[in-house]
Amino acid sequence: MVQETLWPLEPHTGVKHDIYDGYLDAWWPIIMQSFGSGTYAEGFAGPGVYTDGQPGSPIRALRRLQVLRAAKPHLSRRPARFVLVEKRADRVAELLDRFRDELGDPMRDGEYRDPSLHVIVQQGTCEQTLPELLRRVGVGRFPLLGVLDSFGGGSTSDLIGKFARQNAGEVLTTVEPQHFVRNLDPARSDRVFGGPHWRDVEKYEADDKRAFIARALDTAVRAAGFRYVIAFGLETVKGNELLLQFATNHPLGLERFKESLWRADPIAGARFRDPNDPEQMLLDLTPERSVAPLRRLLEEYLLSRPGGSATLGDLRDFVFERTFYRKPDVAPAVNELLERGLATSDRRRPRIDSRTPAATVITATDTEQYQLA
């Protein structure tokens with residue numbers, strides 16, 4: 001837990017901001033053109049700036065909106081709302097100063113309002129204050145994007161459910177799996193996971209605890225009402241891991257978020273992993289993505305199915321809905337399975353590409369060994 005008012009921008013946070021920026025560059029245009037209005041909300045808004053002067057996520061989100069309005073003036077009059085909550089008074093004061101600089105307004109009582117922009121910055125807790133403010137601004141039928149970057153302990157399933165029930169609601173959350181491994185606050189953690197089942201983490205070996213927590217969080221967010229949930233781990237400079245989750249009920253939102261993930265700029269010292277990867281391989285964030293974790297995931301998926309088989313269409317849907325990879329990544333991963341003799345295809349020419357029919361059947365080759373194990 002950071003105690004200072006401001007803190008340095010660490011490499012994994014720089015990656016996270018780059019991913020957020022990329023997604024907002026897609027989200028704001030879609031929301032403003034299709035719905036005419038949208039709300040951006042943060043429950044752990046922070047001070048809005050780092051010790052080196054780099055802007056925090058609320059300021060970055062405002063600037064992404066301003067870039068859109070400069071490029072497309074016809075969208076400038078369509079209203080946007082920012083609802084920002086921070087627990088500590090010193091950080092609220094810093095955040096208000098940042099918004100005053102951005103908007104050129106004194107923001108008395110922590111609020112700015114004109115016909116096209118409504119900003120509220122308020123001290124309070126994410127769980128109680130944020131829902132109250134969202135009701136106050138009247139998000140109504142308009143889309144809502146929530147950013148819940150906690151300092152490790154996550155957000156309750158009840159709060160996540162409020163975003164899931166909102167029309168075109170989406171949420172970005174961060175948690176530190178080690179928080180739950182250390183069992184720092186079991187009663188509250190029950191509320192994060194929607195029950196005590198997460199406490200089974202104690203039964204797992206140390207190397208498997210992080211993956212178990214990631215799976216439990218995935219289940220909790222889906223149970224809260226989201227259909228599409230993806231997650232990935234970002235390694236921190238202290239050797240811990242920050243698990244970032246994105247949840248939406250719209251396939252276009254999932255597609256755009258994945259695009260922003262894979263377009264993020266490589267930053268020295270930042271690495272990530274797929275929490276579902278059985279080998280938990282850490283990967284460098286590079287334009288040339290590794291498909292090794294996906295190959296292993298696809299093999300496990302095949303082995304879990306009757307006869308060890310699935311159509312290529314099934315594999316594409318699994319990858320889209322259950323991993324942070326994209327459908328075009330399926331072909332190279334399946335081809336690796338075929339080349340290594342780990343799977344076979346019912347096609348005369350087994351190599352897979354984007355034009356290969358979805359009905360093509362892929363079968364794992366070691367199903368008997370798997371079943372015996």
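This is a predicted model: local features need pLDDT of at least 70, side-chain atom pairs count only at pLDDT 80 or more; totals for chains, interfaces and linings use all residues.
Local features need pLDDT of at least 70 and side-chain atom pairs count only at pLDDT 80 or more, while totals for chains, interfaces and linings use all residues. Residues are numbered from 1 along each chain as its sequence is written, and side-chain values use heavy atoms, with hydrogens and water left out.

View 1. The 15 residues of H2, residues 57-71, should span 21 Å at 1.5 Å a residue, and the end C-alpha atoms are 21 Å apart, which agrees. That expected span is 1.5 Å times one less than the number of residues. Among the buried residues of H2 are Ile59, Leu62, Leu65 and Leu68 (buried means under 20% relative accessible area, with a 1.4 Å probe and protein chains only). The buried residues of H2 pack against helices H1 and H3 and strands S1, S2 and S4 (contact means heavy atoms within 4.5 Å).

**View 2. Helix H10 meets helix H12.** They pack at an angle of about 70°, with axes 9 Å apart (axes are lines fitted to C-alpha atoms over the stretch in contact, and angles run from 0 to 180 degrees between N-to-C directions). H10 and H12 are therefore roughly perpendicular (65 to 115 degrees). Look for Leu294, Leu298 and Leu302 of H10, and Val330, Val334 and Leu337 of H12, among the residues making the contact.

**View 3. Helix H9 crosses helix H11.** Their axes come within 10 Å and cross at roughly 75°, which makes H9 roughly perpendicular to H11. Here Pro251, Leu254, Glu255 and Lys258 in H9 meet Val319, Phe320 and Glu321 in H11.

Technical notes
Helices (H or I, at least four residues) and strands (E, at least two) are DSSP runs, numbered from the N terminus. Buried means under 20% relative accessible area, exposed over 50%, partly exposed in between (1.4 Å probe, protein chains only). Angles under 35 degrees count as roughly parallel, over 145 as roughly antiparallel, 65 to 115 as roughly perpendicular and the rest as oblique.
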